Amino acid sequence: MTKPAVLSSLATALCRGLLVLWVGALWAVGYLAAPVLFASLPRLVAGEVAGKLFFIVGWIGMVAGILLLVYVRRTQVAGRERRLRLLLLSVLWLLAAAQLFWLQPVIAGIKAQLPPLPPDVASLGPEFAFWHALSSALYLLQSLAGLILVMLGGVESRRPAVA
């Protein structure tokens, strides 16, 4: 195997790993860890821990998304398959950015303005509920876009790449 072929194989393997890390983190945190936290801990404590996990997932998405977008743009032949992968990756990345830089700060700001609440409080108010519901809906869209991308074979092209 030539040196460029080895590097290409390594890049492909690293990108597979990045996509698995990103989409796996989305699903593991959003649909495994967060529900367990809320079932096991007082609501406010669970929310704080879940918020930190979602922050980490957001940064995984920022880094992985940029690297994967560059990889797909540089290695795949132009066509429908490449456009679909770029579209899904772009949606994933934009939703991750919206979560990290818009929704999470808004939600944190609302929580910071509230008076100290008992740990078993049932609701943080209608404004928090609205932003949390919007965040949850966008997270679901992001998770589904990631799942579709994985089901389509990830970021690899089935056609040979142009050197």
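Biologist: Why is glutamate 48 called partly exposed?

Modeller: In this predicted model, glutamate 48 has a relative accessibility of 43%. Buried requires under 20% and exposed over 50%, so glutamate 48 counts as partly exposed.

Biologist: What makes the contact of lysine 111 with glutamate 48 a salt bridge?

Modeller: The closest N and O atoms of lysine 111 and glutamate 48 are 3.2 Å apart. The cut-off is within 4 Å, so the pair is a salt bridge. Lysine 111 is itself partly exposed, at 26% relative accessible area.

Biologist: How many salt bridges does this rule give?

Modeller: The count comes to 2 salt bridges. One of them joins the side chains of arginine 85 and glutamate 81, at 3.1 Å from N to O. Both residues lie in helix α3, 4 residues apart, about one turn of the helix.

Biologist: How do you know whether arginine 85 and glutamate 81 are buried or exposed?

Modeller: Arginine 85 has a relative accessibility of 4%, and glutamate 81 has a relative accessible area of 18%. Buried means under 20%, so arginine 85 is buried and glutamate 81 is buried.

Biologist: What makes phenylalanine 54 and tyrosine 139 an edge-to-face pair?

Modeller: The structure holds 6 aromatic pairs. In the pair of phenylalanine 54 and tyrosine 139, the centres are 5.1 Å apart and the planes stand at 80°. Pairing requires centres within 6.5 Å, and planes over 60 degrees apart count as edge-to-face; the pair is therefore edge-to-face. Phenylalanine 54 lies in helix α2 and tyrosine 139 in helix α4 (residues 126-151), so this pair ties together parts that are 85 residues apart in sequence. Phenylalanine 54 is partly exposed at 22% relative accessibility, whereas tyrosine 139 is buried at 9%.

Biologist: How is the pair of tryptophan 102 and tryptophan 131 classified, and why?

Modeller: The centres of tryptophan 102 and tryptophan 131 are 5.6 Å apart, with 90° between the planes. That angle is over 60 degrees, so the pair is edge-to-face. Tryptophan 102 lies in helix α3 and tryptophan 131 in helix α4, so the pair ties together parts that are 29 residues apart in sequence. Tryptophan 102 is partly exposed, with a relative accessible area of 40%, whereas tryptophan 131 is buried, with 18%.

Biologist: Which residues form one aromatic cluster?

Modeller: The cluster consists of Trp27, Tyr31, Phe54 and Tyr139.

Conventions: Residues are numbered from 1 along each chain as its sequence is written. This is a predicted model: local features need pLDDT of at least 70, side-chain atom pairs count only at pLDDT 80 or more; totals for chains, interfaces and linings use all residues. Side-chain values use heavy atoms; hydrogens and water are left out. Buried means under 20% relative accessible area, exposed over 50%, partly exposed in between (1.4 Å probe, protein chains only). Helices (H or I, at least four residues) and strands (E, at least two) are DSSP runs, numbered from the N terminus. Rings of Phe, Tyr and Trp (its six-membered ring) pair if their centres lie within 6.5 Å; planes under 30 degrees apart count as stacked, over 60 as edge-to-face and the rest as tilted.
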